[in-house]
Amino acid sequence: IADALVDAGFDVICHATNHALDKGKKGILNTLSNWEEDYPDITVLGIYDNEADSEEIPLVSVNGITLAILNYTYGTNGIALPSDMPYCVELLDKEKVIADLEQAESLADFTIVCPHWGVEYSLTPSQDQENWCKLFLDHGADLVLGTHPHVIEPVTVMEDDAGHSMVVYYSLGNFVNWTSGTGAGVANRMVGGMADVTLERDKDGTVKVSDYGVIPLICHVRSGHDGVTVYPLGEYDETLGNENEIRSQDSAFSYDYCRELTESIWGEVVRK
């Protein structure tokens with residue numbers, strides 16, 4: 001998977017998810033070791049093998065703009081953090097998040113928060129997600145890229161009393177997947193998106209979002225090895241929709257279903 005992610009062009013990997021401890025402490029250590037040995041230039045977030053690294057703010061520089069990227073998960077499926085490595089998975093802990101955001105403000109031009117949160121299969125954000133967003137905004141975050149619900153959720157802009165704004169992608173849905181689920185709602189899991197965000201530096205030096213949208217994606221599945229692939233919605237069509245084998249798990253799936261879902265949830269921010 002690491003090889004495939006790098007080959008596809010990913011530069012930053014977020015590992016703070018509810019599955020981070022599925023293979024225990026050994027899984028954390030093996031994952032980090034693999035990244036360090038094979039791809040030391042990739043920025044890996046959300047899991048740590050030492051306390052010092054867990055306290056540092058991950059910074060990435062792009063075209064002269066310094067980005068702080070913070071990654072947290074709501075939990076680890078009830079699996080306790082190792083007693084000798086309580087820092088190994090970055091959790092949505094209020095005090096830690098506030099401290100990180102305040103430190104990021106002093107180090108970076110722009111702060112991105114990547115929270116693993118929300119309610120699985122819900123097309124609308126939860127009150128908990130909205131509460132966290134207010135905290136992110138109050139402490140200087142500029143962009144939120146949410147994951148975990150496995151379906152898409154709205155994109156919005158929040159603004160504080162001082163006029164500082166924050167773009168929020170509550171959930172980008174699944175990027176690549178083939179669910180074992182069946183029945184109503186499964187079709188929703190085959191629709192995801194890529195956030196498309198442009199940053200610009202103002203004359204006063206402030207870095208802000210100058211444009212934002214989302215590129216809808218469709219996960220296309222067929223039997224056999226390498227049978228799962230991803231299409232931008234703009235390159236998908238009715239024929240492919242009819243061939244997608246997810247239809248045997250949810251007969252509602254179709255090209256039109258996917259298009260109508262993205263329009264109803266994302267509306268004008270959809271990139272055609």
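This is a predicted model: local features need pLDDT of at least 70, side-chain atom pairs count only at pLDDT 80 or more; totals for chains, interfaces and linings use all residues.
**Entry 1: strand β4**

I started with β4, residues 65–73. I asked which strands pair with it, and in what sense. Strand β3, residues 59–62, pairs with β4 in the antiparallel sense, over four bridges. Strand β5, residues 110–116, runs parallel to β4 and is joined to it by seven bridges.

I then looked up individual partners. Valine 60 has leucine 67 of β4 as its bridge partner. On the β5 side, alanine 68 stands opposite threonine 111.

The turn between β3 and β4 came next. The hairpin has two residues between its strands. Asparagine 63 takes a positive phi there, near 50°.

Is β4 enclosed or open? I found eight of its nine residues buried, so the strand is largely enclosed by the rest of the structure. I kept one general point in mind while viewing the strands: side chains in a regular strand alternate between the two faces of the sheet.

**Entry 2: cysteines**

How many disulfides does the model hold? The count is zero. I checked why, using the cut-off of 2.5 Å between cysteine sulfur atoms.

For cysteine 114, the closest cysteine sulfur is that of cysteine 14, at 4.0 Å, which is too far for a bond. For cysteine 133, the closest is the sulfur of cysteine 114, at 12 Å, and that is also too far for a bond.

I looked up burial for both. Cysteine 114 counts as buried because its relative accessibility is 10%, against a limit of 20%. Cysteine 133 is buried too, at 0%.

**Entry 3: salt bridges**

I listed the salt bridges and got eleven in the structure.

I took aspartate 109 and arginine 201 first. Their closest N and O atoms are 3.2 Å apart. Aspartate 109 sits in the loop between α4 (94–107) and β5, while arginine 201 belongs to strand β9, so the pair ties together parts 92 residues apart in sequence.

Next I looked at aspartate 196 and arginine 271. Their side chains meet in a salt bridge, 3.1 Å from N to O. The pair links distant parts of the chain, 75 residues apart. Aspartate 196 is in strand β9, and arginine 271 is in the segment after α7 (255–266). I noted both as partly exposed: aspartate 196 has a relative accessible area of 29%, and arginine 271 has 27%.

Then came aspartate 202, which forms a salt bridge with lysine 208. The closest N and O atoms of this pair are 3.6 Å apart. Aspartate 202 is partly exposed, at 32%. Lysine 208 is partly exposed, at 45%.

I also found a network of salt bridges. Asp256, Arg259, Glu263 and Lys272 are linked in it.

**Entry 4: a nonpolar patch**

Which residues make the nonpolar surface patch? I read off Phe10, Phe175, Val176, Trp178, Met194 and Val228. The patch covers about 490 Å².

I followed up on methionine 194. It lies in strand β9, residues 191–201. At 35% relative accessibility, methionine 194 counts as partly exposed.

**Entry 5: glycine 227**

Where does glycine 227 lie? I placed it in the loop between β10 (207–221) and β11 (228–232). Is it buried or exposed? Glycine 227 is buried, because its relative accessibility is 3%.

I looked up its contacts, leaving aside neighbours within four places in sequence. Glycine 227 is in contact with His220, Val221 and Arg222.

Last, I took a distance across the model. The C-alpha atoms of glycine 227 and valine 97 are separated by 39 Å. The two residues are 130 residues apart along the chain.

Definitions and conventions
Residues are numbered from 1 along each chain as its sequence is written. Side-chain values use heavy atoms; hydrogens and water are left out. Buried means under 20% relative accessible area, exposed over 50%, partly exposed in between (1.4 Å probe, protein chains only). Contact means heavy atoms within 4.5 Å. Two strands pair if DSSP finds at least two bridges between them. Patches are made of residues with over 30% relative accessible area and no salt bridge: like charges are joined within 9 Å, nonpolar side chains (Val, Leu, Ile, Met, Phe, Trp, Tyr) within 5 Å. Accessible areas come from the Shrake-Rupley method with a 1.4 Å probe; for residues, only the protein chains shown count as cover. A salt bridge is a side-chain nitrogen of Lys or Arg within 4 Å of a carboxyl oxygen of Asp or Glu.
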